Amino acid sequence: MNSSKSPGLAGFGVLKNTTCHTEKKISVFFSIIFMTVGILSNSLAIVILMKAYQRFRQKSKASFLLLASGLVVTDLFGHLINGAIAVFVYASDKDWIRFNQSNILCSVFGICMVFFGLCPLFLGSVMAVERCIGVTKPIFHSTKMTSRHVKMMLTMVCLFAVFIALLPILRFRAYQIQASRTWCFYKTQHVEDWEDRFYLLLFSCLGFLALAISFLCNAVTGITLLRVKFKSQQRQGRSHHFEMIIQLLAIMCVSCICWSPFLVTMARIGINEGGSKETCETILFALRMATWNQILDPWVYILLRKAVLKNLYKITSGCCGVQVINLHMWELSSIKNSLKVAAISESPGSSKQINLQPLTSVGQ
């Protein structure tokens, strides 16, 4: 194992031979903007979740609210902790040798980068699995997916992300200061040791696996909702179908667009045998793209709901002067009604006409 360097100096090797030509003011501007917008948007999402949890305490909605709360809380602390460390590094003129002699700050920064990077992806995939079970197997979901089980899943996801983040420390492999001298991560410059490649590939594979699970489960959920919509001629579930399909498309697009550049970059660095050809600017751009996922998460999962869509529709129709969509499609929306329609369509007596009273959605 390549651990001949002392832990206190392990992260400084990259500073001597590699520089990143980035403008300091622009970098500080991006860090402050990302941190502020992320904290505000996730805080707003937490407030909305708390109000929704007080209004709706049904078992079918409790699991979604708990998972969504875990997601936005993780994103909030990720922006708060990582952003605070990044601002401190900029304020100290990126002089790591002065304030990081024992490499403690770099290790903490690297652990937080890995944990708060993987944990939202894992939670997104768990939410996709939960939604898939809730739509395809509503009876199983209502009886087996209790709050205790959801809390256990949240705990297991967080512990697994912590284990992946602590793995280099447990193997006495220090996190490295990156070429831009603004953040710490796995070794990305002159990667030659198999263990350094393993960490990069492990991070990329876990991220791609979480995205693949989300994509697969969201696709199954969307197809099931469409089948239920076309089977049942009842209008009660129609607006929920459109609302869920829009949310599923937004979730898949945002996660894939934001995280793919960073995951692909880390995978290319880990695979390249002749040393990394990725520039510092490319890595920083991919990192900022990944940061935007944590900013957009609350807007996709929580704020993109029927009430917001109706207001956007009114504004758009008022500006354009035309009606694009009949507004009655959004009038009757209910997760509970949709689950009942899904359960009825699978039962032998699904041909019976059942009058479902419209309920307000979670997001309203």
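**Exercise 1. State the helix content and the end-to-end C-alpha distance of residues 62-90, then of residues 102-129.**

Solution. Residues 62-90 are 100% helix and 0% strand, with 41 Å between the end C-alpha atoms. Helices here are DSSP runs (H or I) of at least four residues and strands (E) runs of at least two, numbered from the N terminus. For residues 102-129 the content is 93% helix and 0% strand, and the end C-alpha atoms are 42 Å apart. An unreviewed UniProt entry gives both spans as "transmembrane region", along with 26-50, 150-170, 198-226 and 246-271. UniProt positions follow the numbering used here, feature names are shortened, and annotations may be inferred rather than shown by experiment.

The model is predicted: local features need pLDDT of at least 70 and side-chain atom pairs count only at pLDDT 80 or more, while totals for chains, interfaces and linings use all residues. Residues are numbered from 1 along each chain as its sequence is written, and side-chain values use heavy atoms, with hydrogens and water left out.

**Exercise 2. Determine how H7 and H8 pack against each other.**

Solution. Step one is the geometry: helix H7 (residues 147-170) and helix H8 (residues 194-231) have axes 10 Å apart, at an angle of about 165°. Axes are lines fitted to C-alpha atoms, for helices over the stretch in contact, and angles run from 0 to 180 degrees between N-to-C directions. H7 and H8 are therefore roughly antiparallel (angles over 145 degrees count as roughly antiparallel, under 35 as roughly parallel, 65 to 115 as roughly perpendicular and the rest as oblique).

Step two is the handedness, which is left-handed for H7 and H8 (the near helix is turned anticlockwise from the far one by less than a right angle; clockwise is right-handed).

Step three is the contact (heavy atoms within 4.5 Å). H7 contributes Phe160, Ile164, Leu167 and Pro168, and H8 contributes Phe198, Tyr199, Leu202 and Leu206. These divide into 8 nonpolar, no polar and no charged residues (Ala, Val, Leu, Ile, Met, Phe, Trp, Tyr, Cys and Pro are nonpolar, Asp, Glu, Lys and Arg charged, the others, Gly among them, polar).

**Exercise 3. Describe the packing of H5 with H8, then with H7.**

Solution. Helix H5 (residues 104-136) and H8 have axes that come within 8 Å and cross at roughly 20°. H5 and H8 are therefore roughly parallel, and their crossing is left-handed. Their contact holds 16 nonpolar, 8 polar and 1 charged residues.

The axes of H5 and H7 come within 8 Å and cross at roughly 145°, and the crossing is right-handed. Contact residues include Phe115 and Phe122 of H5 and Met153 and Phe160 of H7. The division is 19 nonpolar, 1 polar and no charged.
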